[in-house]
Amino acid sequence: MFIHAEVILLVIAVAFFLPKAMKLSTELSMFVAALAGAAAHSVMLRVTGSPHNPVSILPIRHIVEGAFTYFDVCLIFLTATFFMALLRESGGVAFIVRKIVSTFHKRRTICLLLLTFVLLLPGALTGSGATTVLTVGALVGAVLSAMGVDETKRAAIIFLGAAMSAAAPPINLWAMMAAAGANMPYVGFGKPLLVLSVAGALFSVFWLAGRGEGQVDLDKALANLPEVQEGQSWFRVTFPFALLLALVLAGRIWPFSMPVLGLPLLFMIASFAVVLLSPKRLHVWSVACATVHNLTTLVGIMVVVGILIQIMALSGARGLISLAVVTLPLGVLFATLFIILPLSEGLVQYAVAPLIGVPLIMLFNMRGLDPIIALSAMAVIWPLGDCLPPTAVVGRATVMELGYTGRYFQDFVKACLVPMAFIAMLGTLFLIFSTRLSFLGG
């Protein structure tokens, strides 16, 4: 059985890297790897004369089941991103940024603090760092430029803010996927994720931009920001968020009286509120089409990750990885996870959560560590790899959205290293002392 699983794992690895070498997208490469693994599993069963019923060369049932594994997660970030896109289209995001700059342009520290939370909001609601880049990246970048922050540091701030926003609660896709794979409820992650992501984002912003001097060049900042539609107000901007928060809290305060609406429906209700309160007419259908188009890659990755995990579980390859992980000494894991997690995220993106995260959580739980704190720590370290090859989705989105002209690795990635090291160190400390920090998961 070990040899069988090892061969399947080798076939999947080769079938993934060959399409990547041929410049195919990550999601297509994963799909090819899943099909190759399924075919190899079926052929080996037939050749060895296994007493079990051999699966077909193309196991349609397992492919379809795998494709719907993260269907609910896909609905969440589709509807959440639609909500943020409508808010941006209505001028709400530009209104917030312009108000921050106008009010606090003489107070650099407060301005940076508020811009950090602007960066954290889109990804926290959608679970996608790319959404943060596309929604507020250019706006925050324009303000940072008016502060005198150079181009490389601006790009690094936007990427790191996007990474931490994807890690921030309430929606952290890595934690959600790993928890689902471990049959663990996604409950109690809010506080540890909030502490880690906010600390990481604040350190990144103030390390890269906090040491500058002088005020924000108000005229330059406002000239580079979009104009706000007449009639826009704080009430129009904040009411959809207040409505969303009220509906979420209502379900928790009155669990037996409030019907379970689900996050996708909640985001659609909030989106409807944005449309009603917008000072200008919104082209809802166009925004919806653009949202789906922008998220096609992300949704595709989630679908093929589910298929790949299903095929690996069917063939025993996933069990082999789990066994290899849980037999490692804790000291080795603590000394290497801060490197392994970002590199694996850069390699296969969200697939690392069910592949590596699930056995790690089981191992930490068996060793007496707090699984919620441990998974939260890993879920904050993983997004750091979104600037690393071969995928580098958020890193590439950042340099494209900002029109970055510097060198990618020698300048942009190098500028991110110190904040990334801080975040990885903080996450590792949370792992090591997870039992003492278990009060955060309560």
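## Salt bridges

In this predicted model, the side chains of R407 and D411 meet in a salt bridge, with an N to O distance of 3.2 Å. Both partners fall into the intermediate class of solvent accessibility: R407 is partly exposed at 49% relative accessibility, and D411 is partly exposed at 22%.

A search of the whole structure finds two salt bridges. Besides the pair R407 and D411, R61 and E65 form a salt bridge, in which the closest N and O atoms lie 2.9 Å apart. R61 is exposed, with a relative accessible area of 52%, whereas E65 is partly exposed at 38%. In general, side chains of opposite charge can pair when their charged atoms come close.

## Packing of helix 2 and helix 15

Helix 2 comprises residues 26-48 and helix 15 comprises residues 296-315; their axes come within 9 Å and cross at roughly 20 degrees. Angles under 35 degrees count as roughly parallel, and the two helices are therefore roughly parallel to each other. The crossing of helix 2 with helix 15 is left-handed.

On the side of helix 2, the contact is made by E27, M30, F31, A33, A34, G37, A38 and H41. Helix 15 contributes T297, G300, I301, V304, V305, I307, L308, I311, L314 and S315.

A39 and P329 are 290 residues apart in sequence, and their C-alpha atoms are 34 Å apart in space.

## Backbone features in loops

Most residues other than glycine have a negative phi, and most peptide bonds are trans. The peptide bond from P169 to P170 is cis, and its omega is near 10 degrees. P170 is located in the loop that connects helix 8 (151-167) with helix 9 (173-181).

K23 is not a glycine, yet its phi is positive, at about 70 degrees. This residue lies in the loop between helix 1 (2-21) and helix 2. K23 is exposed, with a relative accessible area of 76%. N183 likewise has a positive phi, of about 55 degrees, although it is not a glycine. The loop between helix 9 and helix 10 (190-209) contains N183, and this residue counts as exposed at 73% relative accessibility.

Definitions and conventions:
Residues numbered from 1 in each chain as written. Predicted model: local features only at pLDDT ≥ 70, side-chain atom pairs only at ≥ 80, totals over all residues. Heavy atoms only, no water. Salt bridge = Lys/Arg side-chain N within 4 Å of Asp/Glu carboxyl O. Buried < 20%, exposed > 50% of the residue type's maximum accessible area, 1.4 Å probe, protein only. Axes fitted to C-alpha atoms, helices over the stretch in contact; angles between N-to-C directions. Helix = DSSP H or I, 4+ residues; strand = E, 2+ residues; numbered from the N terminus. Parallel < 35°, antiparallel > 145°, perpendicular 65-115°, else oblique. Left-handed = near helix turned anticlockwise from the far one by under 90°. Contact = heavy atoms within 4.5 Å.
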